[in-house]
Amino acid sequence: VSKKLVTTVSGCADDALAGLVACNPGLRLLQGHRVVLRDDLPAIRGRVALLSGGGSGHEPAHAGYVGKGMLTGVVAGAVFASPSVGSVLAAIRAVAQAGAAGILLIVKNYTGDRLNFGMALERAQAEGANVRMVVVGDDCAFATPGKAGRRGICGTVLIHKVAGALAEAGASLDEIVEKVTAAAKAMGTLGLSLSPCSIPGSKPSFQLAEDEMEMGLGIHGEAGVRRMKVLPADKAVETMLEHMTDPSNSSHLSLTPGSSVVLVVNNLGGLSCLELGIVAGAAVRCLESREIRIARALVGSFMTALEMAGVSLTLMRVDEELVGLIDAETTAMAWPNIPTGPATTRREEVPAPMEGPRKPQDEPGIGPGTVRVQRVLERVCSTLLDIQDKLNELDRGAGDGDCGHTHARAAQAIREWMRSRPPPAAPAQLLSALADVLLEQMGGSSGVKGNGNGRGRAPKLYALFLTATARSLQGRSDSPAWADAMDAGIEAMQRYGGAAPGDRTMLDSLCAAAQALHALRSPGADPLRVLAAAVQSAEVAAEATRHMEAGAGRASYIRSSRLEQPDPGAVAVAAVLGAVLE
């Protein structure tokens, strides 16, 4: 049995409706029935009332579409079960007694829904109510639909919107029936799934292999028309649209170049929003390549199948009047606040901002200062490459063993940069340039791996440290400036990185070195002797991390008893400082 976050299996449909109503002051439950109605029923006096519904498990359909400008009320069944005749009839009576000028039932084409809504309609008409019914069948899956006809799926939501806008504008029942019937005939939907769904308390309704997807399945897990290997999103969308518009498919939607459509990219319940956005972009590109104008695009969860990981595409051919009805205001909570404009992949990008003004750089050329800088940087790079395996081994206890690789890539990036141009000799410009190298050559703000986690942060932390030290050194060349710059770099790392001394990170080595460098502020201090002391302090601090409990970084998720080695970041910092001194 699949896991579900419900209170009771038997009460889940009632509980879901109760939660919706509790959170929406514009809705009310009808006493004794699984029926949701608008809070302002007196406002429908003299207007056509719209009722819809069906089984639960398709949320936000249908109760999410109750509101001014859409549905007057909905009748819900149990999960994937048609609502009862008695509840449909109670809803009809409620809106009739509120003074509705006519009542339209909008029903998805499923046998149980047709029977139960139809029986309630007959009984209501016998009581004198002016009731009509429109059955929506928008499924494009089957090339030769059986006697039952095309299934009603996500396109039904667009019919809710068109009918609701017409009713709000005061249209008659006959006019609404005529216009929504025409709109429903100009509409098609097709689903695609990567996984099954399961009714609470039950096992999944079907099985798909890990490498399979199914096209054309229904919103209750009914069989589709084709199983195939999982395709990339753009190929999957292309396959869906080809099937939907194939003239040899008697359920197809006819689309010719120049047609205008409303596109709905609907999450069947368990697809991630990231995947949904990818599918939406692919759908827009594919339609544009066919010279179809997408007057409006709706992307989200509109009619789901519980937790099914899948998507459906709905297309409705539209003219200006239909677009206006889609754009009309509604208070229904599940209708998206869509912009009134077409969807296109051809929007002009905002120009990238210009970089801020930089201080004048050293003139290109190799002078004594540049040669010294190159020697120091080459020693640093060689050191990092030499200890690559050691750092990886130290990192395996608390990470994925890539700390050495990360530092080696940094060394290679610095070497490539030095080959492309002589490094500046001025300290502030040099450190700022190195920060740029680490950010740009190591994969931007997310590090080379792009995951924003673990040792992938090391280049960003180094770049942050170098940026802050460079800023502190601007316009200064005295020895105390280096102590101040070190403190500034560490302060920036602590502010944005979240670690502190004692957390078993590279900061432990840096802070120990910085403390030793404070001696540079004393008059007559020997810079080389102070630097040697700073290196020694960093090495001692790196070794001391062996006995610390990690308080930050990925190692903080590991029990301290398993961390029997010094922190690789602290070891790397000590090695870099040692290479500078050599």
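Colleague: Before we start, what is the model's basis?
Modeller: It is predicted, so local features need pLDDT of at least 70 and side-chain atom pairs pLDDT 80 or more, while totals for chains, interfaces and linings use all residues. Residues are numbered from 1 along each chain as its sequence is written, and side-chain values use heavy atoms, leaving out hydrogens and water.

Colleague: Great. How do H14 and H15 cross?
Modeller: The axes of H14 (residues 479-497) and H15 (residues 506-517) come within 9 Å and cross at roughly 155°. Axes are lines fitted to C-alpha atoms, for helices over the stretch in contact, with angles from 0 to 180 degrees between N-to-C directions. Helices are DSSP runs of H or I with at least four residues, strands runs of E with at least two, numbered from the N terminus.

Colleague: So are they roughly parallel or antiparallel?
Modeller: Roughly antiparallel, a label for angles over 145 degrees.

Colleague: And which residues touch?
Modeller: Among them are Ala483, Met486 and Ile490 of H14 and Leu507, Leu510 and Leu517 of H15; contact means heavy atoms within 4.5 Å.

Colleague: Switching to the sheet, what's the strand order?
Modeller: Six strands form an open sheet, S9-S8-S7-S12-S10-S11, with mixed pairing. Strands pair if DSSP finds at least two bridges between them. S9 (226-229) and S11 (293-300) are the edges, each pairing on one side only.

Colleague: What about twist?
Modeller: From one strand to the next, the twist averages 20°.

Colleague: Where does H4 lie?
Modeller: H4 (residues 155-168) lies across S7, S10 and S12, at about 140° to S7.

Definitions and conventions: Parallel < 35°, antiparallel > 145°, perpendicular 65-115°, else oblique.
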